[in-house]
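Visitor: I would like to learn how to read a structural model feature by feature. Could you take me through one, beginning with the chain as a whole?

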Amino acid sequence: MAVLGISNDKLLPNLKFAKMNGFEYPLLCDTDNTVAMLYGAAVRRYDPHRRIAVLVDEKGIIAKVYDPASTGDFAAIVLADVKAMKDEV
């Protein structure tokens with residue numbers, strides 16, 4: 001399993017944000033919203049994007065979209081979904 005974050009910020013702001021928040025996973029740069037548009041988080045190339053999260057299974061298939069991606073208990077919700085996916089296998 002892998003966890004990735006994607007932001008439309010540039011490299012240095014992303015690095016600072018990741019360090020400040022103690023991220024232990026890569027925070028990728030999507031400065032032109034290419035990935036955001038593919039996943040429905042942005043409509044046009046340089047528009048602001050919505051905060052969503054996507055759970056992708058081991059086959060690369062989208063298992064669940066969290067739109068919007070909440071804060072607070074969000075990690076617990078995703079972890080429960082991951083455990084449920086593993087139990088189905």
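This is a predicted model: local features need pLDDT of at least 70, side-chain atom pairs count only at pLDDT 80 or more; totals for chains, interfaces and linings use all residues.

Visitor: How many helices and strands does the chain have, and which pattern does the chain follow along the sequence?

Guide: The secondary structure comes to 3 helices and 4 strands, and reading along the sequence gives the pattern β-α-β-α-β-β-α. As for contacts between residues with a separation of 6 or more, 14% of them join residues 24 or more positions apart.

Visitor: Let us turn to the core. Which residues make up the largest nonpolar core?

Guide: A nonpolar core is a set of buried residues of nonpolar type joined through side-chain atoms within 4.5 Å. Here the largest such core has 7 residues, namely Ala53, Leu55, Tyr66, Ala69, Phe74, Val78 and Val82. Strand 3 and helix 3 are the elements that give two or more residues to this core, and helix 3 gives the most, with 3 residues.

Visitor: Now the charged pairs. How many salt bridges are there, and which parts does the pair of aspartate 67 and arginine 50 tie together?

Guide: The rule asks for a side-chain nitrogen of Lys or Arg within 4 Å of a carboxyl oxygen of Asp or Glu, and by this rule the count comes to 4 salt bridges. In one of them, aspartate 67 pairs with arginine 50, with the closest N and O atoms 2.6 Å apart. Aspartate 67 lies in the loop between strand 4 (62-66) and helix 3, while arginine 50 lies in the loop between helix 2 and strand 3, so the pair ties together parts that are 17 residues apart in sequence. Aspartate 67 is partly exposed, with a relative accessible area of 43%, and arginine 50, at 39% relative accessibility, also counts as partly exposed.

Visitor: Where do lysine 86 and glutamate 58 lie in the chain?

Guide: Lysine 86 forms a salt bridge with glutamate 58, the closest N and O atoms being 3.5 Å apart. This pair links distant parts of the chain, with lysine 86 in helix 3 and glutamate 58 in the loop between strand 3 and strand 4, 28 residues apart. Lysine 86 is partly exposed at a relative accessible area of 46%, whereas glutamate 58 is exposed at 76%.

Visitor: And is aspartate 81 buried or exposed?

Guide: The cut-off for buried is under 20% relative accessible area, and aspartate 81, at 19% relative accessibility, counts as buried. Its salt-bridge partner is lysine 64, with the closest N and O atoms 3.2 Å apart. Here too the pair links distant parts of the chain, lysine 64 being in strand 4 and aspartate 81 in helix 3, 17 residues apart. Lysine 64 is partly exposed, with a relative accessible area of 38%.

Visitor: Finally, which residues does histidine 49 touch?

Guide: Not counting residues up to four places away in sequence, histidine 49 touches Asn8, Asn33, Ala36, Ala41 and Ala42. Histidine 49 sits in the loop between helix 2 and strand 3 and is partly exposed at 33% relative accessibility. Histidine 49 and asparagine 8 are 41 residues apart in sequence, and their C-alpha atoms are 8.1 Å apart in space. Asparagine 33, in the loop between strand 2 (27-29) and helix 2, counts as buried at 1% relative accessibility. Leaving aside neighbours within four places in sequence, the contacts of asparagine 33 are Asn8, Ala42, Arg44, Arg45, Tyr46, Asp47 and His49.

Note on methods: Residues are numbered from 1 along each chain as its sequence is written. Side-chain values use heavy atoms; hydrogens and water are left out. Buried means under 20% relative accessible area, exposed over 50%, partly exposed in between (1.4 Å probe, protein chains only). Contact means heavy atoms within 4.5 Å.
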